Amino acid sequence: MLGSFRLMSTVWVQPARVCGREGRFGLRLYSHLSRVAPFGLRSKIGILVFAVLVPVLGGASALVWPDVSGPDAALRLVLAFGAICAGVPLMAALLIGRLLAPLDRVNRAMDHYLETRLLPPLPQDFDDALGRLMVNTTRLMSETSVEIDAAIAEAETDPLTGLLNRRGFERMVPAKTVGTVLFVDADHFKRINDEWGHAVGDETLIAMADAISAALRSSDIVARYGGEEFAIFAKETVASRALELGERVREKVSGSVNVWRRPVTVSVGVAVSPAAVDLEVLLQAADDGVYEAKHSGRNCVAMVLPDRAA
């Protein structure tokens with residue numbers, strides 16, 4: 001996290017998307033004043049007021065000084081006094097508004113973060129109240145992102161196998177997709193729970209998850225879809241290769257997963273589409289494939305075309 005803060009502190013000097021032209025001018029003014037008064041916001045404001053007051057008083061003095069006893073001296077005094085009364089507050093307000101540009105920057109950064117969940121760069125190397133506000137805002141957004149990502153991961157992960165759950169699978173795979181969906185369903189899993197207990201059933205599911213993952217490529221997506229059923233998405237659009245993938249998964253499970261030396265077998269349903277189709281259609285076709293594999297004797301692979309499932 002500290003590394004990300006340092007990275008952001010090196011980027012802020014570049015024009016940021018969340019900061020307009022006025023904001024960039026204000027940040028430059030704030031940066032220059034921070035070199036003179038690095039720790040206090042009040043001292044920065046005092047410097048600005050003093051910087052405005054001196055030229056205004058000088059100009060007013062030049063207006064009055066040439067002839068303080070002339071016939072229009074009173075008029076010049078009124079004009080000088082008016083210039084001081086009007087010029088100092090207006091110019092000071094303008095510059096103080098520019099000095100407070102970091103507040104606008106923080107608001108823009110928060111809006112940007114709420115819209116995009118991306119961390120915008122904020123200055124991280126100032127020590128006054130505005131500087132600490134920008135540091136704390138960055139820290140808050142960063143920690144919030146970590147917590148949100150952790151919550152999403154927890155909500156989309158199956159706690160038993162560590163694979164994605166159904167929600168995570170359907171988020172990772174586009175709603176309209178091209179490729180292959182496989183359903184892998186354990187054969188006679190209820191018998192395992194009834195004969196050996198749910199603890200053995202859980203161990204079997206963990207072993208199945210490991211075996212299925214070992215049979216897949218890194219680009220494939222696998223999830224425990226529900227109960228003893230696993231879902232796989234692969235970017236494979238050739239039917240013969242999709243069937244080979246299903247066979248590889250079936251052989252890997254039956255060859256490495258067993259309960260008291262009895263191999264655990266699976267029925268695999270395969271659905272493949274070389275053209276964009278709704279994910280729900282592919283899922284239904286793969287589920288129908290599992291149904292056919294079960295009725296064909298189990299421990300086999302069956303393919304159902306998506307249009308037939310639809």
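Please keep in mind that the model is predicted. The protein chain has 310 residues, and 41% of them are buried. By secondary structure there are 12 helices and 7 strands. Take the contacts between residues at least 6 apart in sequence: 69% of these join residues at least 24 apart. The accessible surface is about 17200 Å², and carbon and sulfur atoms account for 59% of that.

Now the interior. In soluble globular proteins, nonpolar side chains tend to be buried together. Here the largest nonpolar core has 30 residues. The residues with the most contacts inside this core are Val 184, Met 208, Ile 212, Phe 230, Ile 232 and Val 249. Which elements give two or more residues to it? On the strand side they are E1 (176-186), E3 (229-234) and E6 (266-278). On the helix side they are H8 (189-196), H9 (198-215) and H10 (239-256). H9 provides the largest share, with 7 residues.

Next, the pair H8 and H9. Their axes are 7 Å apart, and the helices pack at an angle of about 140°. Angles over 145 degrees would count as roughly antiparallel, so H8 and H9 are oblique to each other. Which residues meet there? From H8 they are Phe 189, Ile 192, Asn 193 and Trp 196. From H9 they are His 198, Val 200, Gly 201, Thr 204 and Leu 205. Sorted by class, this contact has 5 nonpolar and 4 polar residues, with no charged ones.

Last, Ser 145, which sits in helix H6, residues 129-155. Is Ser 145 buried or exposed? Its relative accessibility is 10%, and the cut-off for buried is under 20%, so Ser 145 counts as buried. Beyond residues up to four places away in sequence, Ser 145 touches Tyr 113, Arg 117 and Leu 119.

Notes:
Residues are numbered from 1 along each chain as its sequence is written. This is a predicted model: local features need pLDDT of at least 70, side-chain atom pairs count only at pLDDT 80 or more; totals for chains, interfaces and linings use all residues. Side-chain values use heavy atoms; hydrogens and water are left out. Helices (H or I, at least four residues) and strands (E, at least two) are DSSP runs, numbered from the N terminus. Buried means under 20% relative accessible area, exposed over 50%, partly exposed in between (1.4 Å probe, protein chains only). Contact means heavy atoms within 4.5 Å. A nonpolar core is a set of buried Ala, Val, Leu, Ile, Met, Phe, Trp, Tyr and Cys residues joined through side-chain atoms within 4.5 Å. Axes are lines fitted to C-alpha atoms, for helices over the stretch in contact, and angles run from 0 to 180 degrees between N-to-C directions. Angles under 35 degrees count as roughly parallel, over 145 as roughly antiparallel, 65 to 115 as roughly perpendicular and the rest as oblique. Ala, Val, Leu, Ile, Met, Phe, Trp, Tyr, Cys and Pro count as nonpolar, Asp, Glu, Lys and Arg as charged, and the others, Gly among them, as polar. Accessible areas come from the Shrake-Rupley method with a 1.4 Å probe; for residues, only the protein chains shown count as cover.
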